[in-house]
Amino acid sequence: MAREIAYVSPGRLVVDGTASDVGCHVATGFFDRLLGLMGQPEIATSEMMVFPRCRSVHTFWMRVRIDVAWLGEPDADGVMPVVGLAPSLGPGRVAVAPRGAWGCAEAKAGTVPPGSTAFLRLPGLLAGGSR
């Protein structure tokens with residue numbers, strides 16, 4: 001049975017000018033960061049997990065493919081540009097952040113298409129990674 005992840009922070013994902021509301025879980029604790037979305041049988045399009053100060057991710061023991069959107073440092077309004085993308089990362093893979101990335105967001109594969117212009121707005125998220 002998959003563990004339950006509570007999506008507690010409302011955010012807004014904008015991809016090529018189209019905005020959508022997303023529920024974000026900000027992984028700040030050790031176990032949240034270690035486990036991420038591991039073991040989840042599926043991921044809703046309206047959900048994502050944000051990892052502040054993250055330089056790499058793994059998909060060991062994942063059941064589904066995910067998009068890893070590498071995020072630039074948030075501004076005062078919590079806006080983080082997507083500065084890189086590891087699209088449709090399958091189980092058992094590792095992705096390393098590109099230069100300039102501050103953190104990342106894991107989402108359902110196909111959420112951020114390659115070549116698109118995107119950003120995530122998560123009000124209240126500070127550059128230090130805490131809320």
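Predicted model: local features only at pLDDT ≥ 70, side-chain atom pairs only at ≥ 80, totals over all residues.
**Exercise 1. The largest pocket**

*Solution.* Residues are numbered from 1 along each chain as its sequence is written, and side-chain values use heavy atoms, with hydrogens and water left out.

Step 1: On a 1 Å grid over the protein atoms alone, a pocket is an open set of points with protein on both sides within 12 Å along at least five of seven lines, a cavity is a set of points where a 1.4 Å probe fits but cannot get out, and lining residues have an atom within 4 Å of a point. Ala, Val, Leu, Ile, Met, Phe, Trp, Tyr, Cys and Pro count as nonpolar, Asp, Glu, Lys and Arg as charged, and the others, Gly among them, as polar.

Step 2: find the lining. It has 15 residues, and Arg33, Leu34, Ser56, Val57 and His58 lie nearest the pocket centre. Helix H1 (30-35) and strand S4 (56-58) each give at least two residues to this lining; helices (H or I, at least four residues) and strands (E, at least two) are DSSP runs, numbered from the N terminus.

Step 3: The largest pocket holds about 200 Å³ of space, where a volume is the space filled by probe spheres set on the points, with grid points joined across faces, edges and corners.

**Exercise 2. The cavity**

Which residues line the largest cavity?

*Solution.* Step 1: the structure has one cavity of 30 Å³ or more, and the space in the largest cavity is about 40 Å³.

Step 1: its lining consists of Leu13, Met48, Ala69, Leu71, Val82, Ala105, Ala107, Val112 and Leu120. S5 and strand S8 (103-108) are the elements that give two or more of these residues.

Step 2: by class, the lining has nine nonpolar, no polar and no charged residues.

**Exercise 3. The nonpolar core**

Which residues have the most contacts inside the largest nonpolar core?

*Solution.* Step 1: a nonpolar core is a set of buried Ala, Val, Leu, Ile, Met, Phe, Trp, Tyr and Cys residues joined through side-chain atoms within 4.5 Å. Buried means under 20% relative accessible area, exposed over 50%, and partly exposed in between (1.4 Å probe, protein chains only).

Step 1: this core has 19 residues, and Val57, Ile66, Val68, Trp70 and Cys104 have the most contacts inside it. Strand S3 (47-52), strand S5 (66-71) and strand S6 (79-89) each supply at least two of its residues, with the largest share, three residues, coming from S5.

Step 2: look around Val68. Leaving out residues up to four places away in sequence, Val68 touches (heavy atoms within 4.5 Å) Val57, Gly84, Leu85, Ala86, Leu89, Cys104, Ala105 and Glu106.

**Exercise 4. The salt bridge**

Which residue forms a salt bridge with Asp21?

*Solution.* Step 1: search for a side-chain nitrogen of Lys or Arg within 4 Å of a carboxyl oxygen of Asp or Glu, which defines a salt bridge.

Step 1: the partner is Arg12, with the closest N and O atoms 2.7 Å apart.

Step 2: Asp21 counts as exposed because its relative accessibility is 53%, whereas Arg12, at 38%, counts as partly exposed.
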